[in-house]
Amino acid sequence: MSDPVAPELSTIPEVLLHRLAVSADANAYSYPVGSTWKQVTWKQFGDQVRQAAMGLRALGLQHEERVAILSGTRFEWIVADLAVLTGAGATTTIYPSNLAEECAYIIVDSGTRFVIAENDDQVAKLARVREAIPQVSAVITFDGQPSADGWVITWAQLLEKGARAAAADWEAVCRSVKPHDIATLIYTSGTTGKPKGVILTHDCWVYEGQAIADMKLLLPDDLQYLWLPLAHSFGKVLEVAQLTIGFQTAVDGRVDKLVENLNQVRPTFVAAVPRIFEKVYNKLVDGAKKGGAARFAIFKWAIAVGRQVSVLTQKGQQPSGLLALQYRLAERLVFARVKARFGGRLRFFVSGSAPLSREMSEFFHAAGLLILEGYGLTETSAASFVNLPHHFAFGTVGPPLPGTQVKIAPEDGEILLKGRGVMRGYHNLPEVTAETIKDGWLHTGDIGEFDATGLLRITDRKKDLIKTSGGKYVAPQAIEGQFKMICPYVSQSVVHGNNRNFCVMLIALDREEILAWAKQNGVAGDYAQVVKDPRTHALIKPFVQQLNKGLASYESVKNFAILPRDLSEAEGDLTPSLKLKRKVVEGRFKDLLDGFYAGNVAEV
């Protein structure tokens, strides 16, 4: 069994060197190659990291210079990230779904000098905005082709450059890194829609890894299945936890392969976002229904039995008598098959990045699958709270990680955090940093309270920023502002999607403009009649489609409705300064909004 990281280690390069020393011959990673999974030992992993790191140094990488990774989750992403950090650089993360202009903004704002791009498609994005990113001196591609002018080189060429360097030279670079050097710049959307670069140091990540190890949530003999986007802090913290604790990880970011891979890998834990649990739930329920009335009846009976056992388990009790007999039968008829879909060895899931409904947690626990929900922000290096197998409560996000200090603001209940995991600040945004971190306390923008056992419950969001159930941040005001610029008939619009799996929009039309259009186009009636006419919907639809062309997929408006009246101050929809009262409007049109999502989560 591998040793946990020693407390005196203070940088990610030191953590990696320690892991290579104590676990050299143990399996570290596996990843799909064709129909099989290639195994990689820690020594083999370290060799690739060293070659890539020294390859970057040969290209001219200097201390704390930024290297962006523009790729989906894969084994090489992790190698690249550790190569940047052990090469004394800092990683800038970019989602592969980002538009070319968004990539350019992050690259320029972060001062990125090198970009590691997954394939020719990602390289093409960079080529389209090459004039806007003149400071990028080289692009390295995992799977793409090199360019004739040398601006783009292959991953193999980078490794070849670094292979000539001695291991001692690499270790010397590793040891030159300091705890408070920048390790990662992760860009997260702000309320204006312009992403902010969150500065996370080596000390932030070392703290996270050690705190998770101290909680004994994850163990050296665990096997993780990692599919989360590594551009997101949730995926990144799991990468660091592995280095610290030494467990093995199977890596494949292809979401469409998730269920198939789980059956092959047979992990002991998997981290996921709520949308994944919603999809699995739907498939389980839909599969039971398709099996016929008798099978579905058995399924519902088993879940009912499981819920009773779940209640007892949460109290530290075990079922007995008839209930115990029923549960054994439910396990044999239903739950064993459900667990087999995940490989049959799962200790628990970890859910984060967005709130998970209590009902979803209770359903899975009834089937014998525990979901441990956690909470944190990019600004806190992802993990600040997490439920534990021996201390959990559904509807909470668990206790704080050791070393994380928490206060609940007395005036409004906002959650305030302090500790080594808290960011250094926002890159190039000192004023925003000062507004967010006051007297050393990070103001999260979330409202919460502790239960009697010390577990935190998130009760509300202080900000309007939307977070989808897939963990993506969406700035509604920016989208609404764009729509007003595109559509001449709109008066107000409300983008909705917090804790939902996609975004929708409520649209109020300008009375004067739409009635003038109606008169010219033979649409009779007053405002309420005109906005219900199918021809009005057909008029607005192309504007929504135009809006979506400039949005990332997770931001795009999947459906919309035209409201029966305009929004006004008189009706209490707007403030005296004509600012939208978002929650008021969402509450008044709750049934309409819920209707957009009907059927996306099946009901038993």
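User: What covers the buried residues of helix 7?

Analyst: This is a predicted model. In it, the cover over the buried residues of helix 7 includes helix 1 (12–23), helix 2 (42–59) and helix 3 (75–86).

User: Which residues of helix 7 are called buried, and why?

Analyst: In helix 7 (residues 167–174) they are Trp-170, Val-173 and Cys-174. The word applies because each has under 20% relative accessible area.

User: What makes strand 1 and strand 2 a pair?

Analyst: A pair needs at least two bridges. Strand 1 (residues 27–33) and strand 2 (residues 36–41) are joined by six bridges, so they qualify, and they run antiparallel. Within this pairing, Pro-32 has Trp-37 of strand 2 as its bridge partner. The two strands form a hairpin with two residues between them, and Gly-34 in the turn has a positive phi of about 65°.

User: Why are strand 2 and strand 15 called edge strands?

Analyst: The open sheet has eight strands in the order 2-1-11-10-12-13-14-15, with mixed pairing. Strand 2 and strand 15 (385–386) each pair on one side only, so they are its edge strands. Helix 2 packs on this sheet and touches strand 1 and strand 2; the direction of helix 2 makes about 80° with that of strand 2.

User: In which sense do strand 10 and strand 11 pair?

Analyst: Strand 10 (residues 223–226) and strand 11 (residues 248–251) pair in the parallel sense, over four bridges. Gln-224 stands opposite Thr-249 of strand 11.

User: How many cavities of 30 Å³ or more are there, and what makes such a space a cavity rather than a pocket?

Analyst: There are five of them. The space counts as a cavity because a 1.4 Å probe fits there but cannot get out, whereas a pocket is open. The largest cavity holds about 300 Å³ of space. Of its 26 lining residues, Phe-234, Val-237, Val-350, Ala-382 and Ala-383 are the closest to its centre. Helix 9 gives the largest share of this lining, five residues.

User: What is the volume of the second largest pocket, and how many residues line it?

Analyst: Its volume is about 700 Å³, and 32 residues line it. Those nearest its centre are Trp-227, Pro-229, Val-255, Gly-470 and Lys-472. Helix 11 (residues 274–290) gives the most to this lining, with three residues.

How values were computed. Residues numbered from 1 in each chain as written. Predicted model: local features only at pLDDT ≥ 70, side-chain atom pairs only at ≥ 80, totals over all residues. Heavy atoms only, no water. Buried < 20%, exposed > 50% of the residue type's maximum accessible area, 1.4 Å probe, protein only. Contact = heavy atoms within 4.5 Å. Axes fitted to C-alpha atoms, helices over the stretch in contact; angles between N-to-C directions. 1 Å grid on protein atoms, 1.4 Å probe; cavity = no way out; pocket = protein on both sides within 12 Å on 5 of 7 lines; lining within 4 Å. Points joined across faces, edges and corners; volume = space filled by probe spheres on them.
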